[in-house]
Amino acid sequence: MISPADSIPVPIPVTVLGGYLGAGKTTLVNRLLSGNHGRRLAVLVNDFGEVNIDVDLITSHDGDTISLQNGCVCCSIADALGESLDRVLALNPSPDQVVIEASGVADPAKVAAYGYGWPGCRLDAVIVLADAETIQARAKDQFVGELVTRQLRGADLVLVTKSDLVSPKVLDSVVGWVHDITAVPVLPVNRGDVDPEVVLAMSRSDLHVGSARVATPDSPPLTDADAMFETATLALPGPLARARLEATMNLWPQDVVRVKGIVWVTEADRGNAQPHVVQRVGLRWSIEPAPTDIDLKTGGGRLVAVMLRGSLDAAALINDLVDAE
Amino acid sequence: MPGRGLCVTHRFKPLDAKVPRTATTEGVGMADITVFTARRVRTMEASMPTAEAVAVRDGRIIEVGTLENMAPWLDAYDHEIDDTFNDHVIMPGFIDPHLHPSMAAVLLPMEFTTVVEWDLPWSEIGAVGGRVELLDRLIELDAELEPDAPLFAWGHHPIWHGDVDRETLNSISTTRPVIVWHRGYHSLIVNDACYRWMDIDLDAARRHPQIDVDRGAFFETGLGVAYRHMNSFLLGTERFRAGLDRMRQVIHHGGQTTIGDAAMGMYGFEDEWEHLKAVMERPDTPFRIQLMPFDMGPLGNDESDEAMIERILAYPQRNTHRLRFSDHVKMFADGGFFAELLMLKAPGHLDGRHGEWMTPPERFERVARAFWNAGLKIHVHCTGDLGVELVLSTLEKLQWEHPRFNHRFTFEHFGISSAQQVARMAEVGALASVNAYYVYELSRAFADHTLGYERASQMSRLGSLERAGIRFAVHSDFTMAPAKPLNNAWVAANRLNESGEVMCANERASLDAAIKAITSNAAYVLGLEDEIGSLRWGKQADFTILEADPYDVGAEGLRDIPIWGTVFEGEKFPI
C-alpha cells in the first residue's frame with residue numbers, strides 16, 4: 001500500500017495521552033498496541049515495565065524499542081522526548097500515528113507542543129484520562145490537586161475511566177464535575193477500554209480508496225462501533241466550500257467526539273476543488289491538503305463521525321454540510 | 001598570587017633512634033612526618049578550636065596541636081617542619097556537598113554574561129548589568145574569538161537585560177553563530193548565522209509554538225529542537241572534557257578539597273564515568289568527588305525499585321582514589337528554583353504561573369520508602385514550600401513505619417520553607433544542604449516578580465535551622481551559584497543581595513554556623529565526618545589555606561579572604 005512517494009513529508013498525527021497516575025493510560029496503551037485497528041502506531045511510553053504485550057505478538061525487542069507483528073512499535077521515552085520522537089519518525093516505513101503517553105505529572109497541554117511543533121508532526125488531539133473513582137479526591141489533594149485540574153483543562157477529549165467501578169449516580173456526578181472544568185466532550189468508558197477509533201486519527205491507509213477503514217457509500221449510515229459509540233459515514237455528493245466546512249466543524253456538538261475523512265474543498269478565490277483531510281477531535285479540528293500520492297477519485301468525499309450512541313443521526317449531520325434540496 | 005609564603009623546611013632526625021619503625025616505612029621518605037606550622041590552625045573541633053601545627057603522615061593527620069605537645073611523635077620518627085603557612089591560617093579543606101560537574105562541563109566552555117560577577121580561574125568576569133552592557137560584551141567577545149567558532153553566551157535574564165532578539169544578535173555578527181542562553185537555561189536566542197550553522201528547517205520551526213523564528217527565540221520544548229542541532233557540538237568528547245578540566249580548576253580555585261556530585265549520570269552514566277575518570281582521576285587533582293546516583297524516575301526508566309537499589313549498592317565497587325560512591329542517593333521533588341518551577345503552597349506564584357513536580361508524589365513516596373528501608377541515605381532536591389511539604393510528610397511517614405537514627409536524610413536547596421516546617425524537620429532528624437546564594441542573586445527579583453517580598457526575603461532560611469539545632473551545609477549547586485564556599489558562607493551569614501539590601505536578618509546564619517556549613521557540617525551531610533570536615537588525628541590531611549582567620553575577619557569580610565591554595569592529602573596545591 002505504501003507508494004514510493006512516501007518520502008513526501010506528510011505531517012504525522014501526534015496524540016497525547018494525559019492524566020494522573022492510575023488514570024488508565026497504560027491500559028489504553030496496551031489496547032492500542034495489541035488492537036486490530038490496521039494502523040502502524042508508534043507509542044512513546046515513560047515506563048516499559050508496565051506495558052503488557054503478549055510475547056507472541058513481539059517480533060523484536062531492541063533496548064528501548066519493541067516491535068510488534070501488527071506493525072506497531074513501542075518506545076521508551078528514556079530521558080528525552082524529542083530524541084524518542086525523532087527515532088520513531090525516522091522509522092521505515094514511517095508510523096501512521098504517534099501516541100505520546102505523557103508522564104502522570106506532566107501538563108499534557110505542554111507536551112502537546114511536541115505534536116504541533118516538532119518537525120514532521122501535527123497535533124491530533126490531547127486526550128486526558130480521569131479515574132472515575134479517584135479524580136475528585138485527587139483534585140482536592142494538596143500536592144497534585146491543581147495539577148490534576150490543569151490536566152483536564154488542557155484536554156480536547158476527556159475519558160472518564162473505570163466508570164464501571166462506580167454507581168451510575170456517582171458517574172453522573174463525576175461527568176458533571178468534569179464538565180464544570182472543561183467544555184470539551186467527556187466520555188465515560190469501562191476500565192481503560194476505549195474504542196481505538198475514538199483515540200486514533202485517520203491514517204494514510206485510511207485514505208486509499210478501497211481501504212476497509214472508510215465505509216463505502218453503500219454501507220448502512222449507522223454502524224455499531226462499540227456499546228457506547230456509533231459511527232456514521234457521511235457520503236458527500238460534491239465538493240464543499242471551505243467556509244461552510246469550517247463553520248460546520250465549529251457547529252457540531254460535543255456528542256460528535258471524532259470526525260475524520262476526505263473532503264473535496266473549494267476555496268473562495270480558486271476554482272478547482274482539491275482533496276483535503278479533515279480531522280476533528282472534541283472542539284479541535286484541522287483541514288489539510290491530502291497527500292498527493294494517495295489514490296483518490298474525484299468527487300465529494302466522505303466523513304466518518306464517531307458519536308455517542310443515540311445522540312444524533314447522520315442525516316442531521318449531512319444537512320449541516322450540504323443544503324437540503 | 002596573594003601572599004604566598006616562602007617554603008622553608010627543616011629536617012629533623014628522631015632523638016631516640018631505638019624506636020622501631022615498621023618495615024613498610026623503612027627507608028621510604030614518604031612515611032616521614034610533615035608538620036605544617038601556621039599562624040593559626042582553625043580546627044573546627046570544639047575540644048580544641050585552634051592550634052599551631054598539624055602533623056601529617058601518608059596523607060593523614062597524626063596530631064594537631066603545638067610542636068611541644070607533638071614531641072612524642074616527633075621524637076620517635078623522622079619528620080620535617082614545613083613553615084610555608086607561618087603567615088597563613090590552616091582551615092579544614094572546604095567541602096561543597098552539592099554541585100554538578102557535568103552540567104558545569106557543558107557550561108564552562110561558554111562565555112559568562114550574567115548580572116553578577118564571576119571570578120573564574122582563567123578570567124575575572126565583570127557583572128553584565130543591563131542590555132547595553134550585554135551587547136557591548138558580545139561585541140568584545142566576537143572580536144576575541146576564532147573566526148568561525150560559535151559564540152555561546154550564558155546568563156541572559158530579561159529582568160535585567162531586557163529584550164534581545166535575532167536582529168539584535170545579527171548586529172553582533174552576520175557570519176558567526178551567536179547564541180544567548182538564559183541564566184536559568186529556560187530559553188535561548190540565536191542569530192541568522194546560527195540558523196545556518198544549526199542547519200535547521202525554518203518552515204518546520206515556524207510551526208512550533210515555542211520557537212519564534214523571527215525573534216530567534218527557543219523556549220521550553222522548543223529548546224529540544226535547538227539542542228538536537230547543538231548537542232553533538234556541546235557534548236562532544238573534546239569539548240566536554242575541556243569543560244570538565246575547567247571545572248577542576250574552578251574547584252581548586254574555590255578552596256574545595258571535597259565536592260559532592262549530586263546527580264551523577266545526568267548525561268548518561270557510563271559516558272560521564274569515563275569522562276570523570278579521564279579528567280579528574282589524576283595525581284594533580286587536589287580534591288575528591290563523592291558521587292551520588294539518583295532515582296531515575298524523573299527521567300523515566302523501567303527498573304524495579306529493588307533492581308535500582310541493587311545497582312546503586314554495587315557502584316562503590318568501582319571507586320577510584322578520588323571518585324567515590326557510597327550509600328547516599330539523590331531524589332527530586334519539585335522543579336528548579338532559578339527556572340521558577342518550584343511548587344508552592346498558597347498563595348502560589350505572584351504571576352499565576354505553576355511549578356512542576358519532577359517526580360510524581362506517589363512515586364516519590366514509593367521510591368523513598370524503598371531507599372529508606374534499604375538503609376540508604378536520602379538527599380532530596382526541593383525548592384518550594386509545597387515541595388518541602390511533600391518531602392517532610394514523606395519522611396514523617398517513613399519514621400513512623402520504620403524508625404531510623406542517624407539516617408542523614410537531607411533537604412537539598414531548601415528555597416522556600418516555613419518556620420513551622422523547620423520545627424517538624426528537627427523532630428524527624430532531618431539535615432539541610434542549602435543554596436544560600438539564592439538570596440544574593442534572586443531575592444530582589446523574586447520579591448518583585450515571583451513571590452512577593454515576605455516569602456522572597458526568607459528564601460534559604462538558615463537562622464531558623466540553626467535555632468532548631470538542625471545541622472546544615474551550604475552548597476553552590478554550581479553553576480547555580482559560584483563554587484566558592486567562602487562566598488556562599490558570606491551570603492549565609494549576611495543575607496545581602498546584589499542590590500545591597502539585607503533580606504531577613506533573622507534568617508542569617510551565625511558566623512560559626514556559616515563556617516561549619518562549608519566544613520564540619522558539610523562533611524556530616526556527606527556522611528564523611530570521620531574523614532574530613534575538621535582537623536584532628538586520623539582525618540585526611542585536607543586543608544584550605546587562608547590569609548586570615550574567618551573568626552577574626554567576621555561575617556562581613558568572609559568573601560574577601562584571599563585563599564593561598566589547598567593541601568590535599570598532605571600535598572600542597574597553591575592557587
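**Entry 1: strands of chain B.** I began with strand S20 (residues 410-413) of chain B, which is joined by four bridges to strand S21 (residues 431-434) of chain B; the two run parallel. I call two strands paired if DSSP finds at least two bridges between them. Helices (H or I, at least four residues) and strands (E, at least two) are DSSP runs, numbered from the N terminus. I looked up one bridge: B:His413 has B:Val434 in S21(B) as its partner.

A note on the source: this is a predicted model, in which local features need pLDDT of at least 70 and side-chain atom pairs count only at pLDDT 80 or more, while totals for chains, interfaces and linings use all residues. Residues are numbered from 1 along each chain as its sequence is written, and chains are lettered from A and ligands numbered from 1 in the order in which they are written.

**Entry 2: the sheet.** I then followed the whole sheet. Five strands of chain B form an open sheet, in the order S18-S19-S20-S21-S22, with parallel pairing. Which strands stand at the edges? They are S18 (328-332) and S22 (472-474) of chain B; each has a single partner strand, so one side of each is left without a neighbour in the sheet. From one strand to the next, the twist averages 20°. Angles here run from 0 to 180 degrees between N-to-C directions, and axes are lines fitted to C-alpha atoms, for helices over the stretch in contact.

Next I looked for a helix on this sheet. Helix H12 (residues 361-373) of chain B packs there, touching S18 and strand S19 (377-382) of chain B. The direction of H12 makes about 175° with that of S18(B). I count two residues as in contact if their C-beta atoms, placed from the backbone, lie within 7 Å.

**Entry 3: two helices.** I turned to H13(B) and helix H14 (residues 419-427) of chain B. They pack at an angle of about 25°, with their axes 10 Å apart. From H13(B) come B:Asp385, B:Val388, B:Glu389, B:Leu392 and B:Glu396; from H14(B) come B:Gln421, B:Arg424 and B:Met425. By class, this contact has three nonpolar, one polar and four charged residues. Ala, Val, Leu, Ile, Met, Phe, Trp, Tyr, Cys and Pro count as nonpolar, Asp, Glu, Lys and Arg as charged, and the others, Gly among them, as polar.

**Entry 4: chain B against chain A.** I found 22 residues of chain B in contact with 24 residues of chain A. Helices H7 (202-207), H8 (220-234), H12 and H13 (385-401) of chain B each supply at least two residues of the chain B side. Which helix gives the largest share of that side? H8(B) does, with five residues. The chain B side holds ten nonpolar, seven polar and five charged residues.

Entry 5: A cis peptide bond joins A:Asn92 and A:Pro93, with omega about 0°. A:Pro93 lies in the loop between helix H2 (81-89) and strand S6 (97-101) of chain A. In chain B, the bond from B:Phe478 to B:Thr479 is cis, with omega near 20°. I placed B:Thr479 in the loop between S22 and helix H18 (485-494) of chain B. B:Asn406 has a positive phi, near 50°. The loop between H13 and S20 of chain B holds B:Asn406.
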